[in-house]
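Dear colleague,

Please find the structure below, followed by a summary of what was found in it.

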Amino acid sequence: MHKKLFIPGPVDVRPEILEAMGTPMIGHRTKDASALGESVCKKLQKVFFTENPILLSTTSGSGLMEGSIRSLTTKRAVVFSVGAFGNRWAKMAKSNNVPVDKVEAEWGQPTLPEIVDEYLSTGKYDVFTVTHNETSTGIMNPVEEIAEIRKKYPDVLWLVDAVSSAAGAKIEVDKLGVDVCITSTQKALGLPPGLSVCTISEKALAQGRTVENRGLYLDLIAIYDYMQKKPYQYPSTPSLSHYYALDKQLDYILYVEGLENRFARHLEMAKITRAWGNEHFEQFAAKGYESNTLTTIKNTKGISVADLNKRIGELGYMISNGYGDLKEKTFRIAHMADRTVDVLKELLDVLDKEIVKM
Ligand SMILES: *Cc1c(COP(=O)(O)O)cnc(C)c1O
């Protein structure tokens, strides 16, 4: 039996998108490949509200996270972490010999603009990173407020991990002044895993060119330059299957559902899930900073999350245990991509019935 996925990636993919993954192959150095790449990039610019170029990478989102911090940092990066994925970004920098400082908030708390101001005002950094939506703790960071403070430091590049939020929550890249905004296909975009995308600003491109060792496969400047030389193509062989599926899914997101409706649906699902969580348990995320794409719930009843997941698995549903150290202390319900309010309510009804038995 296929389990309906309420985990923060991979997500359930609509049948017509799975079908598009099976489109017959074309040569990756043909005009058709360029046209496909161009179509995908132009539509992605709308999702990110940006005029900046889009880069596509045949890696999951981690590839562009590692590539961006390595190929754009000349001096020193500061990683503002609010959980597991922020910590991973700092680890990526370290393992690539990129000088980095990690500023970690207490888990469940957001990155506040004051702390960004405090660190950037030292003048030590030329890159800072923020996790828009931290998938371990269920925090959605206040990027609009951070954008205000950042105006004082226009020369410091701002990299944003929007892996679990882009296309499910509004991120206006140009208005916010984000230099690199990264996402993967298997989260709110609603595709299978295997491709990641980012926006990249002029400033980021210029600074990256001054970095001596950018690596090879994940060198963002090389990916960009190749796309100029061979329009919208990729330095190595890309997952064309994902390009076909993404092109089709973006038509659906932009022109069938509509971005604003999509964001509103995610918010509605978040509100329903938070209310359910508050009825039985508590939120893990600080009030006012709860994610719109997944809810992390504190296991205040001390139930066995593993057992709960096994029980609902037999009924055709799957949620996520807590991440890392938060395992069994929390659990997570993702409500992203093309999941509908009705199916979410179906899950919550099932959870209601199973929890009383525990
Ligand atoms: C899933 C996730 C990642 C990692 O992305 P992959 O596509 O699995 O490499 C990074 N950051 C956040 C916030 C995520 O949710």
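Four strands form an open sheet in the order E11-E12-E15-E14, with antiparallel pairing; strands are DSSP runs of E, at least two residues long, helices are runs of H or I of at least four, and both are numbered from the N terminus. Strand E11 (282-283) and strand E14 (320-321) lie at the edges with a single partner strand each, so one side of each has no neighbour in the sheet. E11 pairs with strand E12 (residues 294-298) in the antiparallel sense over 2 bridges (pairing requires at least two DSSP bridges), and Glu-282 stands opposite Lys-298 in E12.

The model is predicted: local features need pLDDT of at least 70 and side-chain atom pairs pLDDT 80 or more, while totals for chains, interfaces and linings use all residues. Residues are numbered from 1 along each chain as its sequence is written, and side-chain values use heavy atoms, leaving out hydrogens and water.

The chain is divided into domain 1 (4-10 + 258-356) and domain 2 (24-255), with bounds from an automatic or database domain assignment. Their centres, taken over C-alpha atoms, are 26 Å apart. In contact (heavy atoms within 4.5 Å) are 25 residues of domain 1 and 36 residues of domain 2.

Between the two domains there is 1 salt bridge (a side-chain nitrogen of Lys or Arg within 4 Å of a carboxyl oxygen of Asp or Glu). Glu-260 forms a salt bridge with Lys-170, with the closest N and O atoms 2.9 Å apart. Helix H11 (259-280) and E12 each supply at least two residues of the side of domain 1 that touches domain 2; H11 gives the most, with 5 residues.

Yours sincerely
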